[in-house]
Amino acid sequence: MPELPEVEALAEILAERAVGREIARVHPAAVSVLKTYDPPLTDLEGRTVTAVRRHGKFLDLATDGPHLVVHLARAGWLRWRDGLPEAPPRPGKGPLALRLRLAGPEGSGFDLTEAGTRKALSVHCVRDPLEVPGIARLGPDPLDESFTLEAFAGLLRGVRHRVKGVLRDQSVIAGIGNAYSDEILHAARMSPYRLAGDLTEEDVARLYEAMGATLRDAVERSRGLASRDLKAEKRGGMRVHGRAGQPCPVCGDMIREVSFADSSLQYCPTCQTGGKPLADRRLSRLLK
């Protein structure tokens with residue numbers, strides 16, 4: 001799933017290439033992606049792109065009229081294309097979900113695509129981004145200057161949930177998902193099963209520093225890359241996420257995994273849990 005660093009990079013790509021240009025056509029190729037009907041997508045046509053912003057994992061293409069807000073979900077992606085065909089796409093064919101073509105002889109713009117059969121990519125055409133429920137409920141952005149250590153400590157105080165889940169909760173902190181929460185916890189040398197409300201002041205400070213450093217480093221690595229290269233950069237920059245069975249780059253211990261119904265987490269026992277493997281209930285049931 002694209003998370004804060006990748007969405008930030010996509011926002012920068014669109015800001016550089018689309019701001020100041022007029023939208024010529026917006027073609028939904030999969031009707032299911034469109035989550036709003038008023039204003040219609042056609043209200044974007046003829047409008048000038050004024051800004052591109054990121055809200056958590058949401059992309060916000062602002063115009064001198066409505067906003068086009070996109071959430072890429074688990075398998076969605078944005079592909080910039082310098083030469084889009086003039087003919088509208090055929091609905092229901094392949095992974096294409098929506099095509100936006102900018103005015104101009106070169107016909108540049110972008111395609112929104114979604115792999116697999118579990119369709120969750122969403123597109124909203126709204127007058128204000130806060131009309132999108134997912135944006136309205138977002139917590140603070142971890143890279144915002146106002147997100148201080150004191151603010152972070154206040155969010156965790158008294159919370160009786162595992163810190164892994166708290167980091168992923170978009171209503172608590174915006175933009176962090178499964179992959180970067182694994183990376184942040186590894187950098188902080190902290191078990192994903194620790195209860196957020198039980199963290200000491202030293203724990204909170206270490207987690208806060210690891211969060212900022214991990215996300216800023218990922219943003220910098222992604223900056224300037226073409227959209228087609230961002231996924232590979234994300235995978236290549238991971239130290240524990242998606243690397244179960246491989247040696248930890250810090251201590252050399254084997255990275256382990258805990259599986260859940262629709263996701264999994266990866267961690268290093270030596271770095272994060274005092275050398276003790278976490279129970280994987282799904283695997284335990286299979287071994288009985």
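Which strand gives the most to the lining of the largest cavity? I would like to begin there, and to say at once that what we are looking at is a predicted model, so everything I mention this morning is computed from that model. The strand in question is β3, which gives 3 residues to the lining of the largest cavity.

Let me stay with that cavity for a moment. The count comes to 1 cavity of 30 Å³ or more, and about 40 Å³ of space lies in the largest cavity. Its lining is made up of L14, L59, D60, L61, L68, V70, L78 and F110, and the elements that give two or more residues to that lining are β3, residues 58–63, and β4, residues 67–71. When the lining residues are divided by class, they come to 7 nonpolar, no polar and 1 charged.

Now to the chain as a whole, before I return to details. Its secondary structure comes to 9 helices and 10 strands. The radius of gyration is 20 Å, close to the 19 Å that the globule rule gives for 288 residues, and so the chain is as compact as a globular protein of that length. Along the principal axes, the C-alpha trace spans about 60 × 40 × 30 Å, and of the 288 residues in the chain, 49% count as buried.

The next feature is the largest pocket, for which the volume is about 1,100 Å³. That pocket is lined by 42 residues, and those that lie nearest its centre are M1, E3, K57, R74 and N178. Which elements each supply at least two residues of this lining? They are β5 (76–81), α4 (163–168), α5 (178–187), α7 (230–237) and β10 (264–267). By class, the lining of the largest pocket has 16 nonpolar, 12 polar and 14 charged residues.

Let me turn to the aromatic rings. A pair of aromatic rings is described by the distance of the centres and the angle of the planes. The structure holds 3 aromatic pairs. One of them is formed by F147 and Y208, a tilted pair with 6.2 Å from centre to centre and 35 degrees between the planes. This pair links distant parts of the chain, since F147 is in the loop between α2 (133–136) and α3 (149–156), while Y208 is in helix α6 (residues 201–222), 61 residues apart. F147 counts as buried because its relative accessibility is 3%, and the cut-off for buried is under 20%, whereas Y208, at 25% relative accessibility, counts as partly exposed.

Y208 takes part in another pair, with F152: the ring centres are 5.9 Å apart and the planes are at 35 degrees, so this pair is tilted. Here too, distant parts of the chain are linked, with F152 in helix α3 and Y208 in helix α6, 56 residues apart. F152 has a relative accessible area of 0% and is therefore buried. Taken together, ring pairs link F147, F152 and Y208 into a cluster. Still on the subject of rings, R162 lies over the face of Y193, at 3.8 Å from the ring centre.

For A73, phi is near 55 degrees, a positive value in a residue other than glycine, and A73 lies in the loop between β4 and β5. Is A73 buried or exposed? A73 is buried, with a relative accessible area of 7%. For R189, phi is likewise near 55 degrees, again a positive value in a residue other than glycine, and R189 is found in the loop between α5 and α6. At 46% relative accessibility, R189 counts as partly exposed.

I255 counts as buried, at 1% relative accessibility. The C-alpha atoms of I255 and E8 are separated by 28 Å, and these residues are 247 residues apart along the chain.

Note on methods:
Residues are numbered from 1 along each chain as its sequence is written. This is a predicted model: local features need pLDDT of at least 70, side-chain atom pairs count only at pLDDT 80 or more; totals for chains, interfaces and linings use all residues. Side-chain values use heavy atoms; hydrogens and water are left out. Rings of Phe, Tyr and Trp (its six-membered ring) pair if their centres lie within 6.5 Å; planes under 30 degrees apart count as stacked, over 60 as edge-to-face and the rest as tilted. Helices (H or I, at least four residues) and strands (E, at least two) are DSSP runs, numbered from the N terminus. Buried means under 20% relative accessible area, exposed over 50%, partly exposed in between (1.4 Å probe, protein chains only). A charge sits over a ring if NZ of Lys or CZ of Arg is within 6 Å of the ring centre and within 35 degrees of the ring normal. On a 1 Å grid over the protein atoms alone, a cavity is a set of points where a 1.4 Å probe fits but cannot get out, and a pocket is an open set with protein on both sides within 12 Å along at least five of seven lines; lining residues have an atom within 4 Å of a point. Grid points are joined across faces, edges and corners, and a volume is the space filled by probe spheres set on the points. Ala, Val, Leu, Ile, Met, Phe, Trp, Tyr, Cys and Pro count as nonpolar, Asp, Glu, Lys and Arg as charged, and the others, Gly among them, as polar. The radius of gyration is taken over C-alpha atoms; the globule rule is 2.2 Å times the number of residues to the power 0.38.
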